[in-house]
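Hi,

Here is the model I promised to pass on. Could you open it alongside this email and read through my notes when you have a moment?

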Amino acid sequence: MADPAAAALFCEAAALHERVFHEPTSFDSLTRANLYRLAGEKHLAQRWFQATTEYAAARLVRYPRNTTEQTTAAIGWYFLGDYDQVREYIVQIRNDPDGDGGMGEWLTTLMQLETAPNQQLAHQFVRTIEKYIQHDQIRFSDTGSVTIWDWYELAYRYTQHH
């Protein structure tokens with residue numbers, strides 16, 4: 001992270017989140033993981049991404065067609081770098097008639113960029129996300145766990161460093 005003040009604020013937000021949500025859901029764990037990721041606290045981020053996948057897996061035993069938990073697990077596995085797990089969840093999401101394949105497509109693209117850097121694909125993906133943000137008028141303050149802005153950040157990095 002380039003700005004130490006921002007890193008400190010992300011850590012503070014993650015710590016506050018931990019104090020407020022004592023028994024985190026997979027969404028809460030993913031939120032904490034992402035805040036620590038943004039702060040540059042890789043070890044803490046990895047710990048919470050792992051907690052995300054474990055919580056989601058436990059919920060999926062009871063509710064196997066829960067596409068929200070499948071998506072949350074896929075995002076957690078993406079940040080943990082286990083792309084085989086991500087692919088398994090994407091297949092499940094795509095096979096669910098009520099599932100939204102959009103996130104699966106984005107994760108697939110990010111995995112492609114990670115494993116086989118491609119400037120053209122990266123630029124195309126950034127433009128796709130920009131259009132989505134503009135069309136839906138998504139403000140930077142529209143936050144959540146892992147948001148469109150995180151995908152934009154990751155995609156943009158591939159246009160700069162790969």
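Two bits of housekeeping. This is a predicted model, so local features need pLDDT of at least 70 and side-chain atom pairs count only at pLDDT 80 or more, while totals for chains, interfaces and linings use all residues. Residues are numbered from 1 along each chain as its sequence is written, and side-chain values use heavy atoms, with hydrogens and water left out.

**Overall fold**

The protein has eight helices and zero strands, where helices (H or I, at least four residues) and strands (E, at least two) are DSSP runs numbered from the N terminus. In sequence order the pattern reads α-α-α-α-α-α-α-α. The radius of gyration is 16 Å, close to the 15 Å that the globule rule gives for 162 residues, so the protein is as compact as a globular protein of that length. That radius is taken over C-alpha atoms, and the globule rule is 2.2 Å times the number of residues to the power 0.38. Along the principal axes, the C-alpha atoms fill a box of roughly 45 × 40 × 30 Å.

Of the 162 residues, 41% count as buried; here buried means under 20% relative accessible area, exposed over 50%, and partly exposed in between (1.4 Å probe, protein chains only). If you look at contacts (heavy atoms within 4.5 Å) with a separation of 6 or more, 54% of them are between residues 24 or more positions apart. The accessible surface comes to about 9,400 Å², and 53% of it belongs to carbon and sulfur atoms. Those areas come from the Shrake-Rupley method with a 1.4 Å probe, and for residues only the protein chains shown count as cover.

**Charges and salt bridges**

How far apart are the mean positions of the 14 positive and 21 negative charges? They are 1 Å apart. Lys and Arg count as positive and Asp and Glu as negative, with His and the chain ends not counted; the place of a charge is NZ of Lys, CZ of Arg, CG of Asp or CD of Glu.

Side chains of opposite charge can pair when their charged atoms come close. A search of the whole structure turns up six salt bridges, each being a side-chain nitrogen of Lys or Arg within 4 Å of a carboxyl oxygen of Asp or Glu. Here are some to click through:

- E69 pairs with R59, with the closest N and O atoms 3.7 Å apart. E69 lies in helix α4 (residues 67-80) and R59 in helix α3 (residues 42-62), so the pair ties together parts that are 10 residues apart in sequence. E69 is buried at 8% relative accessible area, whereas R59 is partly exposed at 30%.
- D84 pairs with R87, and their closest N and O atoms are 3.3 Å apart. The two are three residues apart in helix α5 (residues 83-95), so about one helical turn separates them. D84 is exposed at 53%, and R87 is partly exposed at 40%.
- E105 pairs with R94, with 2.6 Å between the closest N and O atoms. This one links distant parts of the chain, with E105 in helix α6 (residues 102-115) and R94 in helix α5, 11 residues apart. E105 is partly exposed at 40%, and R94 is partly exposed at 42%.

There is also a network of salt bridges that links R37, D150, E153 and R157.

**Single residues**

F49 sits in helix α3 and is buried, at 1% relative accessibility. Leaving aside neighbours within four places in sequence, F49 is in contact with L30, A33, N34, R37, G76, F79 and L80. F49 and S26 are 23 residues apart in sequence, and their C-alpha atoms are 9.1 Å apart.

L154, in helix α8 (residues 148-161), is buried as well, at 9%. Not counting residues up to four places away in sequence, L154 touches R37, Y78, F79 and L110.

Buried or partly exposed: which is F27? F27, in helix α2 (residues 26-39), is partly exposed at 46%. The C-alpha atoms of F27 and K42 are separated by 19 Å, and the two are 15 residues apart along the chain.

Cheers
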